[in-house]
Number of protein chains: 6
Amino acid sequence: MFTLTVRDHIMIAHSLPDPFFGPAQNLHGATFTVETTWARPVLDEHGVVLDIGVASQLLSGVLDGLRYRNLDDHPDFTGRLSTTEVLAQYIAERLAAGAAGIAGLDRLTVTLRENPDAWASYTLELPVLTERGGPTSR
Amino acid sequence: MFTLTVRDHIMIAHSLPDPFFGPAQNLHGATFTVETTWARPVLDEHGVVLDIGVASQLLSGVLDGLRYRNLDDHPDFTGRLSTTEVLAQYIAERLAAGAAGIAGLDRLTVTLRENPDAWASYTLELPVLTERGGPTSR
Amino acid sequence: MFTLTVRDHIMIAHSLPDPFFGPAQNLHGATFTVETTWARPVLDEHGVVLDIGVASQLLSGVLDGLRYRNLDDHPDFTGRLSTTEVLAQYIAERLAAGAAGIAGLDRLTVTLRENPDAWASYTLELPVLTERGGPTSR
Amino acid sequence: MFTLTVRDHIMIAHSLPDPFFGPAQNLHGATFTVETTWARPVLDEHGVVLDIGVASQLLSGVLDGLRYRNLDDHPDFTGRLSTTEVLAQYIAERLAAGAAGIAGLDRLTVTLRENPDAWASYTLELPVLTERGGPTSR
Amino acid sequence: MFTLTVRDHIMIAHSLPDPFFGPAQNLHGATFTVETTWARPVLDEHGVVLDIGVASQLLSGVLDGLRYRNLDDHPDFTGRLSTTEVLAQYIAERLAAGAAGIAGLDRLTVTLRENPDAWASYTLELPVLTERGGPTSR
Amino acid sequence: MFTLTVRDHIMIAHSLPDPFFGPAQNLHGATFTVETTWARPVLDEHGVVLDIGVASQLLSGVLDGLRYRNLDDHPDFTGRLSTTEVLAQYIAERLAAGAAGIAGLDRLTVTLRENPDAWASYTLELPVLTERGGPTSR
């Protein structure tokens, strides 16, 4: 199995309004470094998992909707807790949708580092596409 | 699959008294940064794998028994080589015991970094608990 | 010259309401890792610049007033831009006040890392205290 | 499952002569930090996955053939694109060959970090050896 | 004194054709992460050393002339050894020229990290500009 | 001013037998990553501060006397507290002695990182040598 990872970051505000979260119920914020790891069992015809430029643009395209935002006011998080885990899943699902036409990818992991001592990740199995592009069952 | 990782560190002395270990047979020491990664397939009702505070306290509780210790004198390592791998397993098993009542956790990985160029890990499958708390077979 | 550095972090929300700051005019947030470097020309009687525990508590004491806060609502930043540089100075000045009774310290640098690609610092000369504790001119 | 990772680095020149790679078609270069992670389900009689010294020598032995080289002139890459993914596989296969006589190893992952924002890996299942050294089917 | 640092990276090929450099006489390459630290004694009217966006663009503008290049063919290094130290000075001098119209800056340090175990820097005193922009002696 | 830094590490045991140090009075240990930064105002005839190989060998030569040792039994620390600051000075002074014949060096800083959240350094001014090698006053 091969993987390729590209990294970017976002700086957001949010609150976690549930007594479970203690002081993080307050409006605060975070720098999230976001690592996206794409996996595939066989390299493509250029000898890569995915072009680094394409992987970076996919990521940037998803993160642009979050940069310098207060997630408490973001329509995609209305009524949802924007925990690190939920954000990892949100980013992964949008990335997977953006990569839907790329054949051969197998799995995607998104890791969000919120401070030097804590991080979270979400892993998504990707539908396998044949070279002609149609999903197949596995 | 979701994961949450929290990190802490310990500073210990020990020796590895087997000719296999060359100069590490001497009494020496290490700073181990300890990363503990908890995995679960579905988030809990607060949208997390585990509360970061709970994960940090579980880790701290296990590490408190090791901090500023000479492992050669530690009863849990009498007659055992305290290699990085053995320590990772030791910490993982105690963490798993401490988390025994938490439903939904699936797997735990403990990684110990001993210097910038070497680290080791141990991964443990956790017994699956239903929400009512009893282990089930998988 | 000797230095000792201890590190902690905070997670805050804020905005920078000046067109100069482009998208950072929005309410957003940051994880700041905070490194505090204390310098002194001669070690104290215990062979240290400062006890690491004392240095950590001094830092924690200052950061506790900022943790999980929206700086836009913080009285100390009313009418002030809470840029990374301004925050570094704010933290340094409070740390210096907290350490006012400790003889022998010479200089303090506070570095705030806001993301993997950007950080800022502020350096403060500390008044020299003789062992009896009174400031002297240099 | 246990893992042991050791790290080293190489500094090489190469080009990726395919329009797909844009500016990386030019002769340029990279520092690759190389992390090699060996996995085994049960520790050996010394309580380790592999001796760190042995793991480091295996890695160094493979990297010595690449250090300070222009991969465009390296016979092993004639007619092949030396992408990060291809290099990870190349290193992993040579490491696996070098470790062919070591019983109990299960899996090897080689990760090459090419800059702070991009890295790639290759994972290889290793043939299982019994203690007498012959491969067995699984 | 305040500082602001922004970071970027380049991936280049070069050789160091002097027997002094041993194996680095060969054509090889490097990923250089480039940290540029701007210092000023007093913050500007926006409470910053320099806008992060401006600092990043200044850096990117200089690095664009080096990205994905073989420095052995670069006209600015004809007949010069492109050591890490020389590159740090080269980048610093071009940055200083690019920032020539910005008042209040005092000093610039450029640090190039070439691998996890080695880095070099160059520090340049900047001509002091009054707010009206003319250099003054100090 | 130019600097060159090279990094290595040691793994040692020690105790700090003074009530001031709390739990660190116990025999414990540390991994110290050791960064040595050499400064000089003008590059040498090869365009470097110091050859990286020479800088690494100087460092390794000093660290070899400390690797895998219990500093409580080391003759150079008899009756002395081996704090991080004292160790930084010890290493710096030996490095300076080892580099005594190298002209043009100006200043040496040794930084010891003992865990992710704490590090210390010592800076030594070096006697200036003319190219003929004799120290001069400044």
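## Terms and model

A salt bridge here is a side-chain nitrogen of Lys or Arg within 4 Å of a carboxyl oxygen of Asp or Glu. With that in hand, let us look at how the chains of this predicted model meet.

Residues are numbered from 1 along each chain as its sequence is written, while chains are lettered from A and ligands numbered from 1 in the order in which they are written. In this predicted model, local features need pLDDT of at least 70, side-chain atom pairs count only at pLDDT 80 or more, and totals for chains, interfaces and linings use all residues; side-chain values use heavy atoms, with hydrogens and water left out.

## Chain A on its own

Chain A has two helices and six strands, taking helices (H or I, at least four residues) and strands (E, at least two) as DSSP runs numbered from the N terminus. Along the sequence these elements follow the pattern β-β-α-α-β-β-β-β. The C-alpha trace of chain A spans about 50 × 30 × 25 Å along its principal axes.

## Where chain A meets chain B

Chain A brings 17 residues to its contact with chain B, and chain B brings 17 residues as well; contact means heavy atoms within 4.5 Å. About 1500 Å² is buried between chain A and chain B, and carbon and sulfur atoms give 56% of that area. Buried area is the accessible area (1.4 Å probe) that two parts lose on being put together, summed over both. Three residues stand out: A:Phe20, A:Glu85 and A:Trp119 supply 43% of what chain A buries against chain B, more than any other three residues.

One salt bridge is found across the interface of chain A and chain B. B:Arg7 pairs with A:Asp117 in a salt bridge whose closest N and O atoms are 3.1 Å apart. Between chain A and chain B there are also seven residue pairs in polar contact (both at pLDDT 80 or more). A polar contact is a pair of N or O atoms within 3.5 Å; within protein, one must be able to donate a hydrogen and the other to accept it, and residues adjacent in sequence count only if both atoms are side-chain atoms.

## Strand pairing across the A–B contact

On the side of chain A that touches chain B, α2 (84-98) and β4 (118-125) each supply at least two residues. It is β4(A) that gives the most to this side, with six residues. By type, the side of chain A that touches chain B divides into nine nonpolar, four polar and four charged residues. Here Ala, Val, Leu, Ile, Met, Phe, Trp, Tyr, Cys and Pro count as nonpolar, Asp, Glu, Lys and Arg as charged, and the others, Gly among them, as polar.

Five bridges join β4(A) to strand β1 (residues 2-14) of chain B, and the two run antiparallel; two strands pair if DSSP finds at least two bridges between them. Within this pairing, A:Ala120 has B:Leu4 of β1(B) as its bridge partner.

## Where chain A meets chain C

The contact of chain A with chain C takes 21 residues from chain A and 21 residues from chain C. Its buried area is about 1700 Å², of which carbon and sulfur atoms give 64%. A:Met11, A:Tyr68 and A:Pro116 supply 31% of the area that chain A buries against chain C, more than any other three residues.

On the side of chain A that touches chain C, the elements giving two or more residues are β1 (2-14), β2 (28-40) and β3 (107-115) of chain A. That side divides into nine nonpolar, eight polar and four charged residues.

## Symmetry

Copies are superposed by least squares on the C-alpha atoms of residues with pLDDT of at least 70 in both.

For chain C, a turn of 180° and a shift of 0.0 Å along the axis superposes chain A on chain C with an RMSD of 0.0 Å. That is the relation of a two-fold axis. The copies meet through the same surface, because 100% of the interface residues of chain A are also interface residues in chain C.
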